[in-house]
Amino acid sequence: MHLVAIGGSDAGISAALRARELDPSVDVTVVVADAYPNFSICGIPYYFSREVQPWQSLAHRTHADLEATGMALRLDTFATDIDVAGQRLTVRAQDGSTSDIAYDELVVGTGALPSHAGIGGLEQLGPEDGVHVIHSMGDTFALDRFLEERDPKTAIIVGAGYVGLEMAEAFTVRGLKVTQIQRGPEVLSTLDPELGGLVHTELSQHGVEVLTDTTVSSVERTGAGLAVHGTHLGEPVTRNADVVLVVVGVRPNTELLERAGARRGAGKAVVVDEAMHTGLPHIYAAGDGVTTHHRLLGLTYLPLGTTAHKQGRVAGENALGGSVRFAGSVGTQVVKVFDLVASRTGLREHEAIAAGYSPATTAAVADDHKRYYPGALPITIRITGDTTDGKLLGAQLVGRLGTETAKRVDTYATALFAGLTVEQVSDLDLSYTPPLGSPWDAVQVATQAWSRTNSGTVTPA
């Protein structure tokens with residue numbers, strides 16, 4: 001049997017590793033568009049901050065490690081077409097030559113592409129002009145060369161999501177004066193504005209100029225460098241800088257599968273079932289290019305590295321005849337911004353309303369450990385629950401680095417996965433010692449606050 005996986009990032013490599021793990025006799029070929037298989041794209045900001053060195057450290061596994069598992073790597077090779085009936089994949093090598101690879105089963109993990117969000121001028125400008133994205137190792141090297149050779153003093157980051165915030169910190173650490181531009185009312189739009197405001201303050205305190213409610217319309221090269229034009233609350237605004245980084249999100253890379261006949265769904269991603277099957281014979285797909293089963297929303301599009309790893313593993317097993325299912329996501333995310341940690345899982349109130357729930361959200365502030373023990377710090381927590389049956393729907397947390405905010409959101413994520421009510425979270429047997437927690441952990445202080453606030457609205461089961 002010959003399994004071919006397309007994509008050298010999370011989904012493709014996970015599928016290949018799982019297949020080789022289950023059956024070492026299976027021939028596995030991985031087609032990789034560049035020369036950097038299994039590199040951590042999520043770790044790139046920390047390479048720029050110089051916390052991770054050298055760049056080779058970003059590899060989850062080396063080229064040799066991967067080949068030692070028995071898989072064959074076709075690097076610098078681009079998949080161009082799928083012959084579904086003939087079960088053949090056409091690929092183009094770096095020199096432009098094309099060839100076909102026969103497969104018994106195919107896993108497509110082509111991921112996503114950077115979005116330009118309709119910003120004018122980006123098609124004409126590139127790394128040599130100082131306009132960058134960071135979606136691949138090639139992008140990383142291009143930006144690193146620009147920083148080293150041009151020694152820019154000022155930077156504009158268009159977008160204030162996870163990568164944009166991490167890069168604001170990295171540029172600041174490198175000595176650049178940073179302006180961050182966000183279209184929405186607050187940075188980190190995956191959180192409620194009240195919590196995004198805490199992240200905004202952290203950025204400002206570290207010297208980052210933050211412009212919210214600002215829509216970028218174009219970027220142009222001028223005699224003095226780069227100019228970013230847009231509107232702020234309806235009024236024209238322009239900011240100038242030596243380097244511009246555009247991180248306004250991604251769009252699923254579906255062209256290969258679409259040409260083969262796959263169907264698109266939520267977020268214009270390719271529709272897959274919970275077995276990661278595309279509906280095309282012998283073709284599975286996983287990662288940022290496909291739809292996601294969300295345990296609270298059903299079918300949606302939610303590109304996350306953790307999800308891509310799990311989906312790839314499922315696809316690799318089922319390609320060998322397995323019957324496993326992707327158990328679903330609850331959208332758990334976390335980011336470190338200077339000395340602050342922000343995290344979320346599940347649904348925010350407006351998302352829950354749109355999904356047909358009857359939600360209420362309650363805010364609480366709780367110390368990370370007993371106050372009498374030195375160093376206690378507050379965590380701000382927002383809990384969203386369903387007033388119909390008390391079911392936990394989501395949680396958002398912001399706390400200082402060291403408050404274990406990331407692990408506390410995992411407690412809520414586990415509860416969401418299990419379908420617990422808010423009250424049941426308060427009943428969980430969580431660990432306690434004064435330097436690390438409280439008899440009622442911060443997680444439970446927040447759920448108790450929700451229960452008190454909504455005690456008259458929840459209908460007993």
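This is a predicted model: local features need pLDDT of at least 70, side-chain atom pairs count only at pLDDT 80 or more; totals for chains, interfaces and linings use all residues.
**Exercise 1. Which residue caps the N-terminal end of H12?**

*Solution.* 
- Step 1: Look at the start of the helix. Asp441 is the cap, with a side-chain oxygen 3.0 Å from the backbone nitrogen of Val443.
- Step 2: Check the span. H12 covers residues 442-453, which is 12 residues. From first C-alpha to last, H12 reaches 17 Å, close to the 16 Å expected at 1.5 Å a residue.
- Step 3: List what is buried, using the cut-off of under 20% relative accessible area. In H12 these residues are Ala442, Val443, Gln444, Ala446, Thr447, Ala449, Trp450 and Ser451.
- Step 4: Find the cover. Strands S23 (359-367) and S24 (378-386) are included, along with helices H10 (405-418) and H11 (422-427).

**Exercise 2. In what order do the 5 strands of the open sheet stand?**

*Solution.* 
- Step 1: Write down the order, which is S9-S16-S10-S11-S12, with parallel pairing.
- Step 2: Pick out the edges. Strand S9 (131-132) and strand S12 (209-211) each have a single partner strand, so one side of each has no neighbour in the sheet.
- Step 3: Zoom in on one pairing. Strand S10 (residues 154-158) and strand S16 (residues 243-246) run parallel and share 4 bridges. Along this pairing, Ala155 has Val243 of S16 as its bridge partner.
- Step 4: H5 (residues 162-173) lies across S10, S11 (177-181) and S16, and makes an angle of about 165 degrees with S11.

**Exercise 3. Which residues do ring pairs link into a cluster with Tyr36?**

*Solution.* 
- Step 1: Start from the whole structure, where a search finds 6 aromatic pairs.
- Step 2: Take Tyr36 and Trp55. Their ring centres are 5.7 Å apart and their planes stand at 85 degrees, so this pair is edge-to-face. The pair links distant parts of the chain, 19 residues apart: Tyr36 is in the loop between strand S2 (27-31) and helix H2 (44-48), while Trp55 is in the loop between H2 and helix H3 (63-68).
- Step 3: Tyr36 has 25% relative accessibility and counts as partly exposed. Trp55, at 25% relative accessibility, also counts as partly exposed.
- Step 4: Turn to Tyr36 and Phe141. Here the centres lie 5.3 Å apart with planes at 65 degrees, so the pair is edge-to-face. Phe141 belongs to helix H4 (residues 137-150) and Tyr36 to the loop between S2 and H2, so the contact ties together parts 105 residues apart in sequence. Phe141 is buried, at a relative accessible area of 15%.
- Step 5: Join the pieces. The cluster linked by ring pairs consists of Tyr36, Phe39, Trp55 and Phe141.

**Exercise 4. Where in the chain does Pro54 lie?**

Inspect some backbone angles that a geometry check might flag.

*Solution.* 
- Step 1: Pro54 sits in the loop between H2 and H3. The peptide bond from Gln53 to Pro54 is cis, and its omega is near -10 degrees.
- Step 2: Go on to His282, a residue other than glycine whose phi is positive, near 65 degrees. His282 is found in the loop between helix H7 (255-260) and strand S18 (283-285), and at 32% relative accessibility it is partly exposed.
- Step 3: Finish with Glu404, which is not a glycine but has a positive phi of about 60 degrees. Glu404 lies in the loop between strand S25 (392-400) and H10, and its 48% relative accessibility makes it partly exposed.

Technical notes: Residues are numbered from 1 along each chain as its sequence is written. Side-chain values use heavy atoms; hydrogens and water are left out. Two strands pair if DSSP finds at least two bridges between them. Helices (H or I, at least four residues) and strands (E, at least two) are DSSP runs, numbered from the N terminus. Contact means heavy atoms within 4.5 Å. Axes are lines fitted to C-alpha atoms, for helices over the stretch in contact, and angles run from 0 to 180 degrees between N-to-C directions. The expected span of a helix is 1.5 Å times one less than its number of residues. Buried means under 20% relative accessible area, exposed over 50%, partly exposed in between (1.4 Å probe, protein chains only). A polar contact is a pair of N or O atoms within 3.5 Å; within protein, one must be able to donate a hydrogen and the other to accept it, and residues adjacent in sequence count only if both atoms are side-chain atoms. Rings of Phe, Tyr and Trp (its six-membered ring) pair if their centres lie within 6.5 Å; planes under 30 degrees apart count as stacked, over 60 as edge-to-face and the rest as tilted.
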